[in-house]
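Subject: Structure for your review

Dear colleague,

Please find below the structure that I am handing over to you, with its sequence.

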Amino acid sequence: MEKEILAALKERISRQNWESWFIDFAVKKIENNHVIFEVGNIFIKDRLEQKFGKIISKVVRDFLGRESSYEITYREINNEPSNNENSKGALIKKRPLLITPLNPKYTFDNLVVGEFNRFAYNVFLEASKNPGYYNPIFLYSGVGLGKTHLAQALGNYVLETDPDMKVAYLTSEEFMNEMITSIKKGTTEEFREKYRKKADILIIDDIQFLIGKKAAQIELFHTFNAIHEAGKQIIICSDRTPQELKDFHSRMISRFQMGLIVKIDLPSKADLYKIGKKILELRGVEIEDNIIEYLVQVYDNPRLLHGAILKLIAYKNLFGEMNLSIAQSLIPNYNTTPKTFDEKIIIILAEMFECSSEEILSSKRTKNISFARKIGMYFANKYLGLSTREIGKIFNKSHSSVVQNIKQIDNALKDGNLVIKNYLKELNQKIKRFAEGKSV
Ligand code: ADP
Ligand code: MG
């Protein structure tokens, strides 16, 4: 029976997929009308369930009848150090670590330091002189506030001052992709070696990408432990705090917390201005100061500022001119147009959730857009005291959907959802600044 089931399955799956995903797929047991399959690791299990669950279920039913079911189990990863250390030692010397290229512009010199990032800057500078001293370092901030820049600055500094050091910088997404490839190619051993044994400094950026990706979390956890135990430096960058990494195992979260946790705040307008000047200086382009002053009024975030400056530079290169009114028409200042809280809330939400005001007011149900709406409705109700009818008008939604949305947020908060809490806090701060007549 086992063989028949596998053969029937193989018939329905393309050769390429079979070779990639089913290479060690086996029937472990058949109990009555329940089949237990087994694969090499949890990652393959997840993928098989997602990608081929329907086909597997259909084949099982063909054999065992309509009521039958199946499950996929996996073999636990064996983390024991392998016993042929010597041969591997030789290998390390022959094959240096492949380093993810760093952006040469991301240096400490090119980073504007102000109150908003001074602590983080000092910690990273110190760590680049004494890797492993603070370990791990967990860096978090809102998007676009300079985490990647700072982390790579450390990498650049270390490589420059000590070329023997092996720095591995990669995003958690790249880490996961590399893991997938290694599983497909059957080179997991090499993949593990690369990070667990050969990196002196491992920087994992955008860790929040691994939310919901259990297999990669587990793999990273083992990597983390191996590197940490060896006294090598680990740096994790995240757009949220360790506690907010929902669904990460508590063991992992406490690992992140056992070192130093550093945060970058929003820069002041004066700091943003310096950042704008720096961005121009690095590109060797001159743009009048009053234009930068204007941009700083529009944005409170270095990444958005950076994007706006690139837009102006592109225009200048193309048409050979640039002045304040051109800048204003290319980059309208929505901060000054809204007169009421209602309009302002929508604009702030659009900014926070990277969509347009029109989308928030539309009937689109894209995940981040409906989430933005819910947060906004809840905020308008609980923080600004607006009635659900009024909110319906502002958001262009039916009364019942307003009530429902508010309730959902209410429930999530009762369950201790910190992400939502932080969004509300951020929204509140921005609205407060607006009320005080400052640009947001
Ligand atoms: P994050 O990783 O936090 O999302 P990035 O490091 O990608 O942010 O920063 C976004 C952009 O803003 C980059 O081009 C970066 O060089 C620039 N930037 C951010 N903070 C600073 C700063 N303090 N000084 C100079 N440039 C900065
Ligand atoms: Mg980043």
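The notes that follow concern a sheet, the helix beside it, and the nonpolar cores.

Please bear in mind that this is a predicted model.

I begin with the sheet. Three strands form an open sheet in the order S1-S2-S3, and their pairing is mixed. Strand S1 (26-31) and strand S3 (69-74) lie at the edges, each pairing on one side only. From one strand to the next, the twist averages 25°. Strand S2 (residues 34-39) runs parallel to S3, and six bridges join the two. Within this pairing, isoleucine 36 has glutamate 71 in S3 as its bridge partner. Helix H1 (residues 2-12) packs on the sheet, where it touches both S1 and S2. The direction of helix H1 makes about 125° with that of S1.

I turn next to the nonpolar cores. The largest of them comprises 50 residues, and the most contacts inside it belong to Phe124, Leu150, Leu154 and Ile287. Domain 2 (118-263) and domain 3 (269-336) each contribute at least three residues to this core. As for isoleucine 287, if residues up to four places away in sequence are not counted, it touches Leu280, Ile292, Leu312, Ile313 and Met322. Another core, of 49 residues, lies apart from the largest one; Trp18, Leu210, Ile253 and Phe256 are among its members.

With kind regards

Notes. Residues are numbered from 1 along each chain as its sequence is written. Chains are lettered from A and ligands numbered from 1 in the order in which they are written. This is a predicted model: local features need pLDDT of at least 70, side-chain atom pairs count only at pLDDT 80 or more; totals for chains, interfaces and linings use all residues. Side-chain values use heavy atoms; hydrogens and water are left out. Two strands pair if DSSP finds at least two bridges between them. Helices (H or I, at least four residues) and strands (E, at least two) are DSSP runs, numbered from the N terminus. Axes are lines fitted to C-alpha atoms, for helices over the stretch in contact, and angles run from 0 to 180 degrees between N-to-C directions. Contact means heavy atoms within 4.5 Å. A nonpolar core is a set of buried Ala, Val, Leu, Ile, Met, Phe, Trp, Tyr and Cys residues joined through side-chain atoms within 4.5 Å. Buried means under 20% relative accessible area, exposed over 50%, partly exposed in between (1.4 Å probe, protein chains only). Domain bounds come from an automatic or database domain assignment.
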